[in-house]
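Q: I am new to this structure. Can you show me how to read it, one feature at a time?

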Amino acid sequence: MLVNSDTPQSARVVICGAGIAGVSTAFHLTRLGVSDIVVVDARPPLTLTSDKSTECYRNWWPSNPMVSFMSRSIDLLEAYALESGNRFSLSRRGYLYVTASIPQLDSMTHQAAAISQLGAGDIRNFRNSSAGYEPAALDGYEAPVDGADIFRTGEALREAFDFVSGDAVGGIHVRRAGWLSAQQLGAWMIEETIEAGVTYVQGAVTNVSTDEVGVRSITIDGVTSVTCKNFVNAAGPLARDVGSLLGTAVPITSEIHQKVSFKDHKGAFPRHAPMVIWNDPQRIDWEAETRKFLVEEARYEVMDELPAFVHGRPEGGRDSEWALGLWEWNTKSTHSPTWPLEDDPLYPELVVRGLSTMIPQMATYQEALPEHTVDGGYYTKTIENLPLVGPIGPKGSFICAALSGYGIMAACAAGELAAAHISGAPLPPYAQAFSVDRYDDPQYVRSIRSINTTGQI
Ligand SMILES: Cc1cc2nc3c(=O)[nH]c(=O)nc-3n(C[C@H](O)[C@H](O)[C@H](O)COP(=O)(O)OP(=O)(O)OC[C@H]3O[C@@H](n4cnc5c(N)ncnc54)[C@H](O)[C@@H]3O)c2cc1C
């Protein structure tokens, strides 16, 4: 385990949580020259949410400040990939959004133009053929191409991606996007921080003491006290509970999200594919016998229209047979997350069937599912799905949380921002948008029109 557990009696900064948010905060503090940092986690590092993700990243977000925040995070990911010899296998295969609906393609095209204007890169259009389209490299992150390639017809799309359904009428290939090993990124940062003198302690933060000046000390497992002036709540889905130790309300909810990893022994999911996303809602065409079973089990919701955005990608190196699939068709929100997550026996089958609408070869698993495992965790979110990074509550208390379904790709910029707040370094332009006091502005609160404004999948 990557933990060096001698607990010091005092520290300049105590970070509660060794998920990717806490580890990245510690890492960026050391890069700013801050020492005396202790990271406390009740679990081994990176094992609650940060090892359950699909590990994907993109600069393609429908609003600012998310485009600039993610662009900064990807800049840092690329810099650390270079520095570490790409220890965490950063790739740049892109995200391919596909649709079988002309109005949907029009709306995606319209939205792409707006995202491009926000600084996410240029648009290239392909109408009757894909001539001139530059395919993504299988490995590596260095290709300079960014923005997006828009395939305005199904023919042009299938010329570039021959595995996509004949029903598709077009799609968008977002280029500054791909995936990485989140655990390797986290492990590299932990190693770097340990080398810089950070202490990792296994235990639960059970109390935070404050006085009129601010944070004074924390208690681990009810017994061990560490004096500190700065405390960082990086407790992921438990950030609300940790906030209550300081008497601070943390405005978040947590939403269950699952993922299936399957052994694609028939080679149905193309190994060279980018992350692929079906942008349309769909209905599963269940066989008569299965319909009977679903009625008996009162699973009417899966017989109805299911939401858009079933997605997946190949997983592992070139010789791997594994692939990942996700479909957020039944997310539930809670203020009190619990583990283990409830198992839904239908989830793998639904994902495989949903994916076969986009990749018809996947229908080969309709008779018998391939070997698979399901895991998942929580997207911990604010109401407008923007993160919470900055001071909160008593002086010396900070938060780096609410990283939703984008915490791996955002980790570098979020940790950098938290570290800047703590150390007093200059703040980037997006700092205010992610601060908790944004909710003190009634006009801002009124302007939050929709919960899902950040284009989450
Ligand atoms: C199915 C799924 C798919 C995802 N896909 C992607 C993706 O493709 N790309 C992407 O960027 N993101 C993705 N995410 C989101 C990403 O995984 C999260 O945003 C990120 O891992 C959150 O990190 P965190 O450090 O905030 O939380 P966590 O990893 O949960 O870490 C919080 C830590 O705090 C500790 N803790 C809590 N309370 C205490 C206490 N009192 N004392 C001590 N320790 C405490 C916990 O033990 C835990 O280790 C996905 C998430 C899920 C669930």
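A: Start inside. This is a predicted model. In soluble globular proteins, nonpolar side chains tend to be buried together. Here the largest nonpolar core has 132 residues, and V14 and A401 touch the most other members. Among the elements, α9 gives the most to this core, with 11 residues. Domain 1 (10-55 + 182-251 + 382-447) and domain 2 (95-177 + 254-379) each provide at least three of the core's residues.

Q: Which residues does V14 touch, not counting those up to four places away in sequence?

A: V14 touches V38, V40, I218, V226, C228 and F231.

Q: How many residues surround the ligand, and which are the closest?

A: The ligand is surrounded by 42 residues, with G17, G19, T49, G236 and G407 the closest. Sort the shell by class: 22 residues are nonpolar, 15 polar and five charged.

Q: Which elements each supply at least two residues of that shell?

A: The helices are α1 (20-31) and α9 (407-423). The strands are β2 (37-41), β3 (56-58), β13 (253-263) and β18 (372-381).

Q: What is the mean pLDDT of the protein chain?

A: The mean is 95, and 97% of the chain's residues reach 70 or more.

Q: Where does pLDDT stay under 50?

A: Look at residues 450-454. The model has 13 contacts beyond four places in sequence for this stretch. Take care there: where pLDDT is low, the predicted coordinates should not be read in detail.

Notes: Residues are numbered from 1 along each chain as its sequence is written. This is a predicted model: local features need pLDDT of at least 70, side-chain atom pairs count only at pLDDT 80 or more; totals for chains, interfaces and linings use all residues. A residue is near a molecule or strand if its C-beta atom, placed from the backbone, lies within 6 Å of it. Helices (H or I, at least four residues) and strands (E, at least two) are DSSP runs, numbered from the N terminus. Ala, Val, Leu, Ile, Met, Phe, Trp, Tyr, Cys and Pro count as nonpolar, Asp, Glu, Lys and Arg as charged, and the others, Gly among them, as polar. pLDDT is the predictor's confidence in each residue, from 0 to 100. Two residues are in contact if their C-beta atoms, placed from the backbone, lie within 7 Å. A nonpolar core is a set of buried Ala, Val, Leu, Ile, Met, Phe, Trp, Tyr and Cys residues joined through C-beta atoms within 7 Å. A residue is buried if 20 or more other C-beta atoms lie within 10 Å of its own, exposed if 12 or fewer, and partly exposed in between; C-beta atoms are placed from the backbone. Domain bounds come from an automatic or database domain assignment.
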